[in-house]
Number of protein chains: 2
Amino acid sequence: MAFSFQVQATSGRARACLIETPHGPVETPIFMPVGTAGAVKGLTPRDLGEVGARIVLANTYHLMLRPGDRLLAELGGLHGFTGWSGPFLTDSGGYQVFSLSSLRRITEEGAFFRSHLDGTAHTLSPERSIEIQTNLGADMVMAMDECPPFPAPHAAVDAATARTTRWARRSQAAHRRRDQALFGIVQGGVFLDLRERSARELLALDFPGYAVGGLSVGEPKQDMHRVLEHLDPILPQDRPRYLMGVGTPEDLLEGVARGIDMFDCVLPTRNARNGQLFTSRGKLSIRNARYKADSRPPDPDCPCYTCRTVSRAYLRHLHQAGEITAASLMTLHNLAFYLDTLRRVRQSILLGQFEEFRKEMLRALAVSAAEGL
Amino acid sequence: MAFSFQVQATSGRARACLIETPHGPVETPIFMPVGTAGAVKGLTPRDLGEVGARIVLANTYHLMLRPGDRLLAELGGLHGFTGWSGPFLTDSGGYQVFSLSSLRRITEEGAFFRSHLDGTAHTLSPERSIEIQTNLGADMVMAMDECPPFPAPHAAVDAATARTTRWARRSQAAHRRRDQALFGIVQGGVFLDLRERSARELLALDFPGYAVGGLSVGEPKQDMHRVLEHLDPILPQDRPRYLMGVGTPEDLLEGVARGIDMFDCVLPTRNARNGQLFTSRGKLSIRNARYKADSRPPDPDCPCYTCRTVSRAYLRHLHQAGEITAASLMTLHNLAFYLDTLRRVRQSILLGQFEEFRKEMLRALAVSAAEGL
């Protein structure tokens, strides 16, 4: 089965779509749990299925360094290696080179860096990124981009955006696998003129999907919303749109409201390990002493395994005791909450009632754990 | 449902029994996973059910210190707190006081110690241990014993054994809950005369079950076997026998061969977290470079989730990357292997073929991972 994409319903600018991939369908809007090194931290592939995950993101940078993309290819790629039989998406690796590695030098050719694991020297170019992603075998892969820091002056963002287009062209030229959909990544920071130029240049290359990169990097929320609103009429209706590295439950609602179909973020998984739960009534920090004898489930409105089985008091105890089961149980809940929220978003779009849903949910999320839970 | 015990079949000295508890039946021989702080490290209650666990051990010492037994009682005891709805067994806490706490003083009254967590002062006496275990609410509870170190001279073991009987009497006098079965613990080190005296003194107190403590503490295997062989005709046939803190798969087979029904040990769970897998052909250390590209399951003969889903290469990668999913997956396998082994042991007893099973399995286990896997 090749890649295909279909808009099934809209409600305002929000879209409910169906993506077909070689490893099964994905209904959008969708959140993709992050499985950095080939596993979502604390979960088994079966757990992922049970929280409702449909597609998992894996990080090219981490996997190229360990266990290495050639070994991964020998072992059947991500699907053969990890036990997750649904679709995968891989990023280009560029963002992690910029944020995690040391001694990096970026030229037109690509990025030269030292591994954060052992200091060995590596190169990541658009061609090498595609080679790695070909070896990993994800269903959706990303063209390598240059993501400028925030804040950066217009001229610097302009240069990075222009390079992103050149790298997108090289990525496309290097990409051979017909069973993978290669996405172009729109850059341009918070500058609408650069965002528009970036999108139009990538559209000319006719990618099967478009990602929006370089947001949620420190800019005010209004800037993110402005950029997405500006891009919505420019990006083609008949291609999936993926907002990279975003975000909070509120960000997801605001992204969907501006035409976004796909999201990924480490927030629900990382925060779970730090004891922060996302619930239908706001955030809950399990370390708070007020939960010491609280026999209620983390989120009384949540049907997930964790909420059906254990109390806040138990999770707090396990977290304080440093038990890794705490990380598993809280990760299960946070992902179930994210995925369930987007399923309900989708339902509201199919019913043409997304705007009502969004407003109501934002109101509920604004209730602090202190008052509402 | 009150506690009951029934021998269903024997094969040599090996026994297949049925224990009824207020939280369901337990078929023996059985291995009890250790859930020290109220969770088996890296697993959810559901995982425990899926690996075939029937009864879980929790540690009185850890739970009295955190979250505290009174709080646990408020929250419904271990069953209400942890989400594990099957039977629990708790130890007396004495062994951990001796091995984990600091500044301890042991008198006839009990043990005075400082918490390994925060240095606070605590007392554990036979009466306090029963009070805690009453609050925790396990189905099977233990009388507090004094476990002398190994090696220790006859006179020292004699004194500890005599005290163990006095403490057993006090434990019994303090114990009120009719829905809990209180076990006496046979001590006596490697001295058969003391073991025999300990057993006979406890038998006079008529406990519904008997544990054998103070083994697997450094003595030669032959000593453990000798003690068990000596106790087998002394311990009553119509009561369960629990060999505490034991052991390797080989130890389980040798224990069953000498009339033992119940086992617990941190070995399968702790070793899983350290990358050591128990398999039908011996031990496998996943850190070994030879598994780097090994696409075979950890144990080709094992039907557990981990062996059905992932390869040695994947587990090695996750372990090397410090991913907690590695601990979960390997704990799942090790416990499934232990529990499945004892299910097969039970089947062989029911068929009157335990001795053949034992010999064959010991032969298979002796095959090193290097040669056989």
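Residues are numbered from 1 along each chain as its sequence is written, while chains are lettered from A and ligands numbered from 1 in the order in which they are written. Because this is a predicted model, local features need pLDDT of at least 70 and side-chain atom pairs count only at pLDDT 80 or more, whereas totals for chains, interfaces and linings use all residues.

Chain A has 16 helices and 16 strands. These elements are DSSP runs numbered from the N terminus: helices are H or I with at least four residues, and strands are E with at least two. Along the principal axes, the C-alpha atoms of chain A fill a box of roughly 60 × 45 × 45 Å. Buried residues make up 56% of the 373 residues in chain A. A residue is buried if 20 or more other C-beta atoms lie within 10 Å of its own, exposed if 12 or fewer, and partly exposed in between, with C-beta atoms placed from the backbone. Among contacts in chain A with a separation of 6 or more, 69% are between residues 24 or more positions apart; a contact requires C-beta atoms, placed from the backbone, within 7 Å.

In chain A, three strands form an open antiparallel sheet in the order β1-β2-β3. The edges are β1 (4-11) and β3 (24-28) of chain A, each with a single partner strand, so one side of each is left without a neighbour in the sheet. Neighbouring strands of this sheet are turned by 15 degrees against each other on average, direction ignored. Axes here are lines fitted to C-alpha atoms, for helices over the stretch in contact, and angles run from 0 to 180 degrees between N-to-C directions. Strands pair if DSSP finds at least two bridges between them; β1(A) and β2 (residues 14-21) of chain A run antiparallel and are joined by seven bridges. A:Thr10 stands opposite A:Arg15 in β2(A). In chain B, β1-β2-β3 is likewise the order of an open antiparallel sheet of three strands, and B:Thr10 stands opposite B:Arg15 in β2(B).

The domain assignment of chain A gives domain 1 (29-265) and domain 2 (272-372), with bounds from an automatic or database domain assignment. The C-alpha centres of the two domains lie 27 Å apart. Their contact takes 18 residues from domain 1 of chain A and 23 residues from domain 2 of chain A. On the domain 1 side, β4 (30-32), α1 (45-50) and α10 (249-256) of chain A each supply at least two residues, and α10(A) gives the most, with five residues.

Another antiparallel pair in chain A consists of β8 (residues 111-114) and β9 (residues 121-124), over four bridges. A:Arg114 stands opposite A:Ala121 in β9(A). Six residues lie between the strands of this hairpin, where A:Gly119 takes a positive phi near 75 degrees.

A:Gln180 is found in the loop between α7 (154-174) and β11 (181-186) of chain A. With 25 C-beta neighbours inside 10 Å, A:Gln180 counts as buried. Not counting residues up to four places away in sequence, A:Gln180 touches A:Ala138, A:Asp139, A:Met140 and A:Val141. The C-alpha atoms of A:Gln180 and A:Gly137 are separated by 7.5 Å, although these residues are 43 residues apart along the chain.

Helix α13 (residues 312-320) of chain B has eight of its nine residues buried, among them B:Tyr314 and B:His317. What covers the buried residues of α13(B) includes α4 (77-82) of chain A and α14 (324-350) of chain B. Just after α13(B), B:Gly322 takes a positive phi of about 70 degrees.

Conventions: Two residues are in contact if their C-beta atoms, placed from the backbone, lie within 7 Å.
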